[in-house]
Amino acid sequence: MGWEIKNIVIVLLIVSPVFSYASDRKPKVNDLVGSFAIKLDELRRDCLGVELIQNEVNEKVKAVKDVVDGNKIIKQLSDVIRHRFSDRITALQELKRGVEEDYARSYGKSYFVVTNRYYTLHTAHLKFDLSEFVSVDQHPCCNLPLNSVKYDPRFKANIDSGLSCELRSQKSKQSARGLGDNTMEAMYKNLKKNHRLKWQYFGSTEGITTTFPSRPVKDCGQYDNRLRPWYVMTASPSTKNIVIVLDTSSSMAASITLEGNRTTRLEVAKDAVTSLLNALSPEDQVGVVLFNTKANLPGKVGEDDCFQKGLARATSFNLKHLASFVSEAKPGGGTNYERSFDAAFSLLKKSVDKERGDKRRQSVILFITDGAPKDLSDPIFQSINTHQDKMYADNTRVLILTYGIGKDHEMTKFLKRLSKETTPTVFKPVENIANLHAKLSTYYEHLEGAKITSVKTYTSVSSPYLDAWGLGVLITVAIPCFRDGVLKGVAGTDITLTDLLSDVQYFNHAGTDSYSFMAHLHNGIVLSHPLMPPPGAITEDPALIDIFKLEQGQAFKRFFGTLRNLQGKEVRSKEIQRQRISFTRDGGSRQGISEMKVNYHYHCSRVMMYVICIAIADKDKTVTVQDTNGGKVAYHRMDLVPHGQTCYYADSVSYRDKSTIKFSPRAFNDPSEYLDSEETPSKITSYMNDLIHKHRKTFPSGIAETAKIGVSLEKLWVHSHHKKCLAQIPRRFFGTINGVLKFFPGEPLPQSYDHSNRHWFLKAKNSPNQLTFTTPYQDPLGAGIIMSISQSVTMAISNPNQDNLFGVVAADLTISNFDILIKNELGFRCQDTRTTTCFLVDTSGYVVFHPRFAKRNLYDDVAIVTNKHITEIHGHIASYFIKIGAMKKKTCQDFSQRNMQIFYELDVGADDIIYNEQETPGRCDMFAMTRIPQSNVFLVASFATSQSSCYDSASCHCEKTCSTNSTCECPCTKYLDYDYCNDVIKNELIPSCSPPSAKVLSRPPLPSNTADLPNCFNPKCDEIESESSCRKTFGCSWCKWEESKERDIPFCSYDNDCYGGVWNRKNPFIRELGPKTTQVDPTDQTTTWLSTKNMPALIVAVVSFLLLILLMSVCIYLCCCGKKKKEKPTEMDAQVMEGYYPGVEMDEAIYTQEYQAGYNYGQEGYYEENEEYEPEEYDYDDEF
């Protein structure tokens, strides 16, 4: 009977948890969370060092309420922008002089003589060395010798800075002349005088573009300056109402050969119309009519059918919509002229009625056809004249330009008659359809008052656009050029928005809630604003947004209206109470926004046709950082200026014994100068010398002091006994609001990297004093698929409810490491994976971790873990949360994409935990949700029942475009309720979306000797035996698979040999290393030195080691023999050192002496204090 009783007890013990679960339908918080929150506290303390850095900041940083002199700041800021415009206008005036002199002078007279390939000046009085100036015989840009060009970071392209080249449009005449010596001389001197000048060019009325410096292009003939916005808006500065009427009848299907390719008349005409649309200015208004037997107008955008009711502003969005309408046209039907003209005049009339006869606008109909009308002639003439009379009554004159394609006699006869019997009408025959582009491109020459003369000359500035040659988003400043009062072309030069507006974008003269923006005074188009994507994040022609979409409210509209009459350097100020501002949660568009209302003091000043404003938040404080001695900094570009031994780590060069520092653009006095010039050893040395001695030449006040903060983190990250953090965490950061970033292990970062725009920084900023988690993502710095944890570091101020952010401390975790943490530390209910599925979501409902994230195929498809929402993975749970209000649907208006963004916000309210006990067959309806204490994540537990396993459940509606009748749907977009044609917002109650963060650009290339470098840390993966230890250790992978089958005996190996647990799979995030240049690196700790040559030394070392062991044993016996028993091991001694780097001795004893000695930055990088070093310019006796 004994064994029977024993077995019954065992059975009861086994099944008792099941009965416990059944009786306890509502698990407690600890049953789910377990020790996970405690482990997070340890992570926060031991690995991030939150308490250490917070104490250091409390001691050294103060936020003081101070009156910010907004008028003084805006005067300084506007003067900087004026100076940048002035530099370009001065260069253009020199270029204009050169062009006009070349057109005026006689041929054959040369100011230069040839010396090999280059020219030398005979004119001795010139101040510039033009020895690199080249022949006036213009080279076609598509035929440049490749050996003459080299990469120039100013232009981000291969160029020849001593040579200009020519782009001659296929539509230009062969007899068209190029430019001479004076133009070339002006371009060359301009670049010598101003090294930040970008492309200079001149586009002639004949379709020839001369550009400097020269740059190779594939096809010179495709570019026609006469169809570019910068040319059109300068050659024809008046605004226009345009209706393009295109024949799509059956005859337009006629096949032709153009440039050796078979096409149709309609395809050529569609291409010409699209080019014309793209040349329009945002201040123009445009409509399109496609006609055959009937007239066809563009369709709706969402619910807005305004394109059928009137003209639309020529915004990039509207032009794309119209171009799409044109591109879809198919030939067919007859040719009905009267209906097409009726539709065109109807569009014009409705727009003119709205404008009340604005005489500044020129109205024109461009009528393109290849055949005579099929309807009666007299009604056509009568209809057109009737329409013209009505327009004339509204003080509007409509010019009709007809383009007759081909040689159809009846068509030509009718169009000539039309030009005589209707006024004003001009017939433009196009016998060769290849000339249609050129004919259309000069339409503005016929507009009354549109022709610019030398008397009316002025400087124009284009709207922002994406440079086709790789400089990013820029604007063109242009000026017309003449000969004898006749326009000969337009000279222009480019300014990147980064160069022009970096001081606006990286505004840092007040607190974190203050900002700056710049907008056009007349059309409202914004060049820079915190709610717009930064220039570096834009990869296509930017959507042009007017200021009232971003600065909403009637108070601001009234104030902006008063700014249009600003004169000179006048400053105008206004306080606006409770102005609403949106800010991103973490830099992702679908994560949504948060809102706050702030009292802002606006200070604005005019620069040319723009206005620059700063908005100073009423609650912002002045930050003061206490100066201390002894801070040491190592600049992150160790590939350019290394100190000591560099090593290889996570796909980059690094240090194993020190953290590194980087300054974001906002930390520099001149952000544009920093971004525009390539980092070199001499520049880095100059930065650091200025930093050490506080010369304020490079960095503003407070940066040098901030760079010294973080000594406590340095000791924790690099020199502490917390080896598990070093082994398990790829990288740790501390970034401040004023642009200082410290991180370990360091690596060279792109110049444009700005930590304040990264999601780990933004999450912590928006969740003060909480440990925040990002969702998984692919590390741009080479560590693979990771997630980041971060927490804010605050300043001491009197009012704790006000924003007092100073910085953010953060760390990266690998997915596999976090998986082990989840499995080991969550409560017993979550650890029972047979009955419960537990996962983590953030406050937006995005999944931070799910059991499926640890599956093998994660490494085949990163999309398995990135941007996964609870509505996609567990639709039934999400539906319930939406129903009870725990997950609220919210919206914001994305004006750059013209859509409405749907996002979510989770909150359990005052409850510690929420449940659903309803059980429905076949559905996963039993679950609970609780918030992880002091964090931004929620734990969701789904419980299995007799009806459902609850591991997965059906998704909600998960398309990119929102459903019209779905209660539960994934974050999505839908058409914005918006006046598209007039580009006007309809609902100001819905906040603006914030832009996504800029992507991290390419990292600097690996040094050529990277393959020779030792590893910074050797995890010795092949010595690790347990799966848990292996998966915790960064750089290791638990090999479970081989090709398509599971291995019989899994083992631990190096990540680059078994990526994702598959043997022989390489890590795809690791860049290819070059060949080794040396056989053995004597500094590599992982290199063996067992060889015949070294054998005597080995024998001596072994004998010495044995004698040392014997001596130590004797000493220990003498010291300890009196003790009765051995001391009880501590908890730390007893714990298994899982995940530690077993071969890395990170004892402080090794580093203390070197660390305390300190490092000072010298002319060639670091030098140690005990070295004899005499810098050439500065006294380095003062410790940094």
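**Close-up 1: Two lysines over aromatic rings.** K658 lies over the face of Y655, with 4.4 Å to the ring centre. Another lysine, K557, sits over the face of F548, 5.7 Å from the ring centre. A charge counts as over a ring when NZ of Lys or CZ of Arg is within 6 Å of the ring centre and within 35 degrees of the ring normal. Keep in mind that this is a predicted model, where local features need pLDDT of at least 70 and side-chain atom pairs pLDDT 80 or more, while totals for chains, interfaces and linings use all residues. Numbering starts from 1 along each chain as its sequence is written, and side-chain values use heavy atoms, leaving out hydrogens and water.

**Close-up 2: The pair F556 and F560.** The structure has 51 aromatic pairs. In this one, the ring centres of F556 and F560 are 5.9 Å apart and the planes meet at 35°, so the pair is tilted. (Rings of Phe, Tyr and Trp, the last by its six-membered ring, pair if their centres lie within 6.5 Å; planes under 30 degrees apart are stacked, over 60 edge-to-face, and the rest tilted.) Both F556 and F560 are buried, meaning under 20% relative accessible area with a 1.4 Å probe, protein chains only.

**Close-up 3: The pair W760 and F761.** Here the ring centres of W760 and F761 are 6.0 Å apart with planes at 75°, so this pair is edge-to-face. W760 is buried, at 2% relative accessible area, and F761 is buried at 2% too.

**Close-up 4: A cluster of rings.** Ring pairs join Y515, F517, F548, F556, F559, F560, Y600 and Y602 into a cluster.

Notes:
Buried < 20%, exposed > 50% of the residue type's maximum accessible area, 1.4 Å probe, protein only.
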